[in-house]
Amino acid sequence: MLLNRAALDGIESGAIDLQFRRWRRPTVKAGGRLRSRIGELSIDAVEIVDPARITAAQAKRAGFDSPAALLKVLDQRDEGEVYRVTLHLAGPDSRIALREQAALTADDVAELDRRLARFDQASRHGPWTRTTLELIVQRPAVRAPELAESVGRETAPFKTDVRKLKELGLTESLAVGYRLSPRGEAYLERSTPVPPGRGAGDEGKEGAAGI
């Protein structure tokens, strides 16, 4: 669910706690979280409503002067049910705190090794996690299309992969391009590259096979 700057500012101030959308299928669900530039939003309820019964008070809580102004926006899409989404600002983006956690324990490094190995093993274009981290170190604040092209990849899937690293607190987005977070820098310093064809956790398998 996309929210414009005015809606986010209203949610941040507490003036807005409702949003209305016309959807074939909801893109959020009650109990879920939605990340935004102001922090994480908590989705409290998602309900189908009759647009003719939207009140002036509800329209105001959604950031509109009147139900008519709200319906004018909703009617730009003529398919799907009208949903009322109740939401509030839950707190800061959890990834911000995570990326500052640079005092990694051996268990932290091992867990990140495991998570990244899973990304590599599931990839249709081969292992990419270490290469991408090192590329961002070498070329911070460089546009994603240029980074992708430098390693022979398309931009969209490259950006999707970088977002996976961001979820682990290893990278952060800049106005242009990316950089490694303190957590990402600490991980790269402490981790050992996995040889091609082997995954994290494979150490010792050769010896076991020879017994």
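Predicted model: local features only at pLDDT ≥ 70, side-chain atom pairs only at ≥ 80, totals over all residues.
Biologist: In which sense do strand S3 (residues 39–49) and strand S4 (residues 81–91) pair, and over how many bridges?

Modeller: They pair in the antiparallel sense over nine bridges. Two strands count as paired if DSSP finds at least two bridges between them, and S3 and S4 have nine. Strands here are DSSP runs of E of at least two residues and helices are runs of H or I of at least four, both numbered from the N terminus.

Biologist: What makes S1 and S2 edge strands?

Modeller: The four strands form an open, antiparallel sheet in the order S1-S4-S3-S2. Strand S1 (18–23) and strand S2 (33–36) each have a single partner strand, so one side of each has no neighbour in the sheet. From one strand to the next, the twist averages 40 degrees. S1 pairs with S4 over six antiparallel bridges, and Phe-20 has Arg-84 in S4 as its bridge partner.

Biologist: How do you know that the buried residues of H5 line one face of the helix?

Modeller: Buried means under 20% relative accessible area, exposed over 50%, and partly exposed in between (1.4 Å probe, protein chains only). In H5 the buried residues are Val-109, Leu-112, Leu-116, Ala-117 and Asp-120. Seen down the helix axis, they fall within an arc of 140 degrees, so they line one face; the arc is that of the directions from the axis to the C-beta atoms. On the other side of H5, Asp-107, Arg-118, Gln-121 and Ala-122 are exposed. The buried residues pack against helix H6 (129–138), helix H8 (155–167) and helix H9 (182–190), where contact means heavy atoms within 4.5 Å.

Biologist: Why is Arg-99 called buried?

Modeller: Its relative accessibility is 17%, and the cut-off is under 20%, so Arg-99 counts as buried. Arg-99 lies in helix H4 (residues 94–99). Leaving aside neighbours within four places in sequence, Arg-99 is in contact with Gly-169, Glu-172, Ser-181, Pro-182 and Arg-183.

Biologist: And what makes Asp-50 partly exposed?

Modeller: Asp-50 has a relative accessible area of 42%, so it belongs in the class between buried and exposed. You will find Asp-50 in the loop between S3 and helix H2 (56–61).

Biologist: Why are H6 and H8 called roughly perpendicular?

Modeller: Their axes cross at roughly 90 degrees and come within 11 Å. Axes are lines fitted to C-alpha atoms, for helices over the stretch in contact, and angles run from 0 to 180 degrees between N-to-C directions. Angles under 35 degrees count as roughly parallel, over 145 as roughly antiparallel, 65 to 115 as roughly perpendicular and the rest as oblique, so H6 and H8 are roughly perpendicular. Where they meet, Thr-132, Leu-133, Leu-135 and Ile-136 in H6 touch Phe-158, Val-162 and Leu-165 in H8.

Conventions: Residues numbered from 1 in each chain as written. Heavy atoms only, no water.
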